[in-house]
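Here are my notes on the model you sent over. Have the structure open while you read; I go from the core to the helix packing and then to some backbone details.

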Amino acid sequence: MKNKAPVLFLLAIFITGMLFGAAAKSGEEIPSLYQAYKEYFPIGAGVEYWDLLNHREFIVKHFNSITAGNEMKFASIQPGEGVFAFFRADEMADFARKHKMLMRGHTLVWHQQYPSWLFADGAKPASKELVLKRLADHINVVVPRYKDAVYCWDVVNEAVSDSMSEFLRKDSPWYKATGEDYIAEAFRLAHQADPDAKLFYNDYGTTRADKREKIYVLLEDLLAAGVPVHGVGMQAHWDIVSPSISQLETAIRRYASLGLEVQITELDISLYSGNDKRRFITDPEELKERLEIQAEQYRDIFAVFREYRDVITGVTVWGLCDARTWKDNHPVRGRKDLPLLFDLDYRPKEAFWEVVDFESL
Ligand code: GLA
């Protein structure tokens, strides 16, 4: 057989079903995740349009904030120049309004999921002026449209480089077209378009000392230049071995020392550490052990989030449950991962109980 991924997926589903089935509780016995945190911070979920069509009740029960997983990205909203496709984002915003949920706007500027016309001028690359004008046009349409639903925006996503010898990502089409100016410009434009919105710089790797310091310097420079930045989004695509609690605390304190809010914007905890490129674990004992470690990791990081509740103004998990997660294909294609708080059938995992079971204020 050439592609074993579907078989592995089924096996994963079977094994996890065996592990979780016994602990099932009825709907009423399951506390609401966001209610457990109402004295602390809003609890959000990254949702896809599909989730909204199929799992509205589940979302309403457990979350009081949503982020559109894809529907507000540049390529989704403005696929052609001046051609806007709002319908999915609009439905998501309506859902948030109807259920009085918060909504995070995600994202105005990113080096991925952008439309190809954005950086082209006929056969030539678009000039800096043209790209910045297109950025202004985009922000001036999108941000006011969702003003009454979206309370904060990830204005710039992932501008900082992963390479030790580079500060900003020079291979980003934004950087290639404008140098570093696109960053400050995006924040200024977003602030003009909605002066009430909280504006975030969002990135992954935010607890890694080298990247953390680059992000710190970027934010420090922006603030010194009077650019309206209000918070740092720590994406938090983490795993069962990292970050350590001390790395997490150091990062939160470091960003907070700039007077910024911190939000956890895309939390999931993979069963596999970054350099573990194996296929799905098929030994039930090993899987059980990893899920236990995952539950402990969730317990410990949420304890830190609660401790820093004066700085942390929101925690968003990246997906609803293990049935659908981007980690299924990343970084190992076709490998099933189980990184969230609810299992394949939307039932609480051990990690969920560890997160909601704490001594409250
Ligand atoms: C990044 C982006 C998100 C999403 C994830 C993968 O973290 O910020 O919007 O695309 O990658 O799901």
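1. Start with H7 and H9, which are roughly parallel to each other because their crossing angle falls in that class (under 35 degrees is roughly parallel, over 145 roughly antiparallel, 65 to 115 roughly perpendicular, the rest oblique). Their axes come within 9 Å and cross at roughly 30 degrees. Axes here are lines fitted to C-alpha atoms, for helices over the stretch in contact, with angles running from 0 to 180 degrees between N-to-C directions. Helices (H or I, at least four residues) and strands (E, at least two) are DSSP runs, numbered from the N terminus.

2. A word on the source: this is a predicted model, where local features need pLDDT of at least 70 and side-chain atom pairs count only at pLDDT 80 or more, while totals for chains, interfaces and linings use all residues. Residues are numbered from 1 along each chain as its sequence is written, and side-chain values use heavy atoms, with hydrogens and water left out.

3. H7 brings Lys128, Leu132, Leu135, Ala136, Ile139, Asn140, Val143 and Pro144, and H9 answers with Asp181, Tyr182, Glu185, Ala186, Leu189, Ala190 and Ala193 (contact means heavy atoms within 4.5 Å). By class that is 11 nonpolar, 1 polar and 3 charged. Here Ala, Val, Leu, Ile, Met, Phe, Trp, Tyr, Cys and Pro count as nonpolar, Asp, Glu, Lys and Arg as charged, and the others, Gly among them, as polar.

4. Now the core. The largest nonpolar core has 105 residues, and Leu267 and Phe305 touch the most other members. A nonpolar core is a set of buried Ala, Val, Leu, Ile, Met, Phe, Trp, Tyr and Cys residues joined through side-chain atoms within 4.5 Å; buried is under 20% relative accessible area, exposed over 50%, partly exposed in between (1.4 Å probe, protein chains only). H9 (residues 181-193) gives the most to this core, with 8 residues. A separate core of 8 residues includes Leu271, Tyr272, Ile281 and Leu338.

5. Which residues does Phe305 touch, not counting residues up to four places away in sequence? They are Phe41, Trp238, Leu248, Ile264, Leu267, Ile312 and Val315. Phe305 also turns up where H11 meets H12: Ile245, Leu248, Glu249 and Ile252 of H11 against Asp300, Ile301, Val304, Phe305 and Glu307 of H12. This contact has 6 nonpolar, no polar and 3 charged residues.

6. H11 (residues 245-256) also packs with H10 (residues 209-224), at an angle of about 10 degrees with the axes 10 Å apart. On the H10 side look for Arg212, Glu213, Ile215, Tyr216 and Leu219; on the H11 side, Thr250, Ala251, Arg254 and Tyr255.

7. Check two cis peptide bonds. One joins His106 and Thr107, with omega about 5 degrees, and Thr107 is in strand S3 (residues 102-109). Another runs from Ser242 to Pro243, with omega near 5 degrees; Pro243 lies in the loop between S9 and H11.

8. Gln113 has a phi of about 50 degrees and sits in the loop between S3 and S4. Tyr346 has a phi of about 65 degrees, in the loop between S11 and H13. Are they buried or exposed? Gln113 is partly exposed at 34% relative accessible area, whereas Tyr346, at 18%, counts as buried.
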